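This report describes selected side-chain interactions and surface features of one protein chain. The sequence and structure are shown first.

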Amino acid sequence: GANWGALAFSPIQGTSDPLQTVVALHEQLWHIKLLSSEIWYDAGTPTTTGYPFARIPGAVIDYGTEAPYSVAKCENSFIMMANQRVGEGSEFAGIMQFAGVSPNKISTPAIDYQISQMPVRNDAFAFAYKLNAAHTFYVITFPTGDRTFVYDLQSGMWHEWSSYRVPYEIGRHIANCYVYFNGMHLIGDNTNGKIYQLSDT
């Protein structure tokens, strides 16, 4: 992985906006940019003669993100806080779920309003986890706005998580990072760096 042929590169230039992050889904690479996204597939080209991936014809979607860490994979799809291209710029589109080229908006007008009022949106980060094989949750936190919103994929309902802080403050949930390890949902506390187990009890 340290040495690459001179031909084993390709610009992601269906549109000229900057690349934010890349997601692997259904044996495809989703190149998520600020205003748009491009879907590429493994074309089988050896790296000695060219770039192994090629863009699916017409697979340039006018949805991108200003918050690359809001992207989280779950339930054979991924979810992100999305912007929609409008002319040469973009506008906030809400929280969108992608399983194919047609996105599904999962945020409600009330959630969209709350997010639109955040002083900063591009610092949002998210993770997804499955609880007891029954419910999958998408958890998005806005550190500057001090809020955490959670979407239940099975019920289609939103709710909010918060944590108590001294002195007498309630703010965003403490989870600053997440990993599923050894049968446990583990989160890192944003206030002290400790690791806790997330559970329904």
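## Salt bridges and their network

Arg 85 and Asp 17 form a salt bridge, with their closest N and O atoms 3.2 Å apart. Arg 85 belongs to strand β7 (residues 77–86) and Asp 17 to the segment before β1 (19–25), so the pair ties together parts that are 68 residues apart in sequence. A salt bridge here is a side-chain nitrogen of Lys or Arg within 4 Å of a carboxyl oxygen of Asp or Glu. Strands (E, at least two residues) are DSSP runs, numbered from the N terminus. Asp 17 is buried, at a relative accessible area of 9%; buried means under 20% relative accessible area, exposed over 50%, and partly exposed in between (1.4 Å probe, protein chains only).

This is a predicted model, in which local features need pLDDT of at least 70, side-chain atom pairs count only at pLDDT 80 or more, and totals for chains, interfaces and linings use all residues. Residues are numbered from 1 along each chain as its sequence is written, and side-chain values use heavy atoms, with hydrogens and water left out.

The structure holds nine salt bridges. Another of them joins the side chains of Arg 147 and Glu 160, at 2.5 Å from N to O. This pair links distant parts of the chain, Arg 147 being in strand β12 (residues 147–152) and Glu 160 in strand β13 (residues 157–161), 13 residues apart. Arg 147 is partly exposed at 24% relative accessibility, and Glu 160 is partly exposed at 41%. Salt bridges with shared partners join Asp 17, Lys 33, Glu 38, Arg 55, Asp 62 and Arg 85 into one network.

## The pair Asp 112 and Lys 105

Asp 112 and Lys 105 meet through their side chains in a salt bridge of 2.6 Å, N to O. Asp 112 is buried, with 12% relative accessible area, whereas Lys 105 is partly exposed at 41%.

## Thr 65

Thr 65 sits in the loop between β5 (63–64) and β6 (72–74) and is buried, at 0% relative accessibility. Its side chain reaches the backbone oxygen of Met 81 at 2.6 Å. Leaving aside residues up to four places away in sequence, Thr 65 touches several residues, among them Gln 20, Ile 32, Lys 33 and Met 81; contact means heavy atoms within 4.5 Å.

## Nonpolar surface patch

Tyr 164, Val 166, Tyr 168 and Ile 170 make a nonpolar surface patch of about 590 Å². Patch residues have over 30% relative accessible area and no salt bridge, like charges being joined within 9 Å and nonpolar side chains (Val, Leu, Ile, Met, Phe, Trp, Tyr) within 5 Å. Accessible areas come from the Shrake-Rupley method with a 1.4 Å probe; for residues, only the protein chains shown count as cover. Ile 170 lies in strand β15 (residues 169–171) and is exposed, at 63% relative accessible area.

Note on methods. Helix = DSSP H or I, 4+ residues; strand = E, 2+ residues; numbered from the N terminus. Polar contact = N/O pair within 3.5 Å; in protein donor to acceptor, adjacent residues only side chain to side chain.
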